[in-house]
Amino acid sequence: MSSTNRITKPHEIIERALELSTADGCVVIADEGSSANLRWAGNALTTNGVTRSRTLTVIATVDGKEGTASGVVSRSAVTADDLEPLVRAAEAAARGAGPAEDAQQLITGTPASPDFTDAPAETSSAVFADFAPALGEAFARAREGGRELYGFANHELVSTYVGTSTGLRLRHDQPNGTLELNAKSPDRQRSAWAGRSTRDFKDVDPTVLDAELAVRLGWAERKIDLPAGRYETLLPPTAVADLLIYQMWSAAARDAVEGRTVFSKPGGGTRLGEKLSDLPLSLRSDPNAPGLESAPFVIAHSSGDDASVFDNGLPVPATEWIADGHLNRLSTTRHTAALTGMQLSPGFGNLILDAGGEKSLDEMVAATERGLLLTCLWYIREVDPATLLLTGLTRDGVYLVENGQVVGEVNNFRFNESPVDLLSRASEAGRTEKTLPREWSDWFTRAAMPALRIPDFNMSSVSKGV
């Protein structure tokens, strides 16, 4: 067996790919992933499993008379024999492309990660060692209470290695766990949902979630029909997260400067510095936020207005996007920061909204004279980028609150709202807590949000869905 065929470790693959490269610059990203999952239906486990994956991305840069071009090629299940064809494909893509608008010098000078040559971290079914018995207890309680539990638990661990021709050798291990639990009545006429985000399943208790869902199914025993209209509405943290994640996905500085987003100022310029809320809201990202830790450097597999392959390895600082209710930052790459004259604010791996509130959602319900309490949102879609008007549906429980008490479940609605406009109308924020965005959980899970009270949330039509 040749020495080349023995190249199997991520750092060895990166070093070999860089050695093979004949381009003027090269970035290699190795993503080594593993996942473990449990699924259940009708108060019984149905499936479980463990999977592993490997993806290698090669970014070649070629200098020419008119500028620097880039070529990006990604492939899965890469072996040592696949390396040279992959590197050559990236180089060919670069040589066949025109100059890259976002071209910059590759990052240098960042200290190497001390564990760069270590084996990738892996998850396994052991991550559920404490969770699985508790889930069995939740099944037993649900059977006794006449309800059925459905759902899944998934844990992923991705070790990302970044090596460049300029000497960067960086690594980040990202654990990511999600728990989604549905409780249904035996006749399937009542349904309630709860979800949690976790790094290791040590801080989630399915029996606690089952108890919450039992209460909600009890609320749903009384059905109340309400028409479309504007209602005082309590948005739980999961719904707030789904809305603000979409807002951040729409917060690229270049798009705002070019007049294409809600953050563009009529007549030219951006809304930076503008007051977005009367509440002292802080919307921030921090790679070191406890329980929400994310990559402390840029990992970019492709380029766009909010990411650049040339920025791979760029340190990601803590950033306050909204400060004391005012728009403080828009996202930039090195290229778009120079283009717009704004501060460099690369990406976000988590999102935290805080307004200094101390009330729990239950306490906010108790202080409500009449209004709606939502469970979650889904099927969120953009209607108008200029205002960031979104539409979507409520799901798994909309409850009517009167005089501080939940008095029954009402029909589902379609809503039409802009998260930016909602922040301007929010009259109260509860305490910030870690939450799982339901709609975007396949793409983004690291969020901490408060519940928000909206005096006039726009339920635009009645939805017959559940």
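Which helix holds both R141 and E137, and how many residues apart are they? Both lie in helix α3, 4 residues apart, about one turn of the helix. Helices here are DSSP runs (H or I, at least four residues), strands are E runs of at least two, and both are numbered from the N terminus.

A word on the model. It is predicted, so local features need pLDDT of at least 70 and side-chain atom pairs count only at pLDDT 80 or more, while totals for chains, interfaces and linings use all residues. Residues are numbered from 1 along each chain as its sequence is written, and side-chain values use heavy atoms, with hydrogens and water left out.

Back to our pair. R141 and E137 form a salt bridge, with the closest N and O atoms 2.4 Å apart. A salt bridge is a side-chain nitrogen of Lys or Arg within 4 Å of a carboxyl oxygen of Asp or Glu. R141 is partly exposed, at 39% relative accessible area. E137 is partly exposed too, at 39%. Buried means under 20% relative accessible area, exposed over 50%, and partly exposed in between (1.4 Å probe, protein chains only).

Now, what does α3 meet? Residues of α3, including E137 and R141, meet P206, T207 and D210 in α4. Contact means heavy atoms within 4.5 Å. The axes of α3 (residues 131–144) and α4 (residues 206–219) come within 8 Å and cross at roughly 25°. The two helices are therefore roughly parallel.

The whole structure has 37. One of them joins E293 and R199, at 3.3 Å between the closest N and O atoms. E293 sits in the loop between β9 and β10, and R199 in the loop between β6 and α4, so the pair ties together parts 94 residues apart in sequence. E293 is partly exposed at 25%. R199 is partly exposed at 26%.

R260 and D255 also meet in a salt bridge (2.8 Å, N to O). R260 is partly exposed at 41%, but D255 is buried at 17%. Both belong to a salt-bridge network that includes E101, R254, E258 and D305.

Last stop: S277. Where is S277 placed? The residue is in the loop between α6 (253–257) and β9 (282–285). S277 is buried, at 3%. Leaving aside neighbours within four places in sequence, S277 is in contact with G325, L423 and S424. A polar atom of the S277 side chain lies 2.9 Å from the backbone oxygen of L423.

Conventions: A polar contact is a pair of N or O atoms within 3.5 Å; within protein, one must be able to donate a hydrogen and the other to accept it, and residues adjacent in sequence count only if both atoms are side-chain atoms. Axes are lines fitted to C-alpha atoms, for helices over the stretch in contact, and angles run from 0 to 180 degrees between N-to-C directions. Angles under 35 degrees count as roughly parallel, over 145 as roughly antiparallel, 65 to 115 as roughly perpendicular and the rest as oblique.
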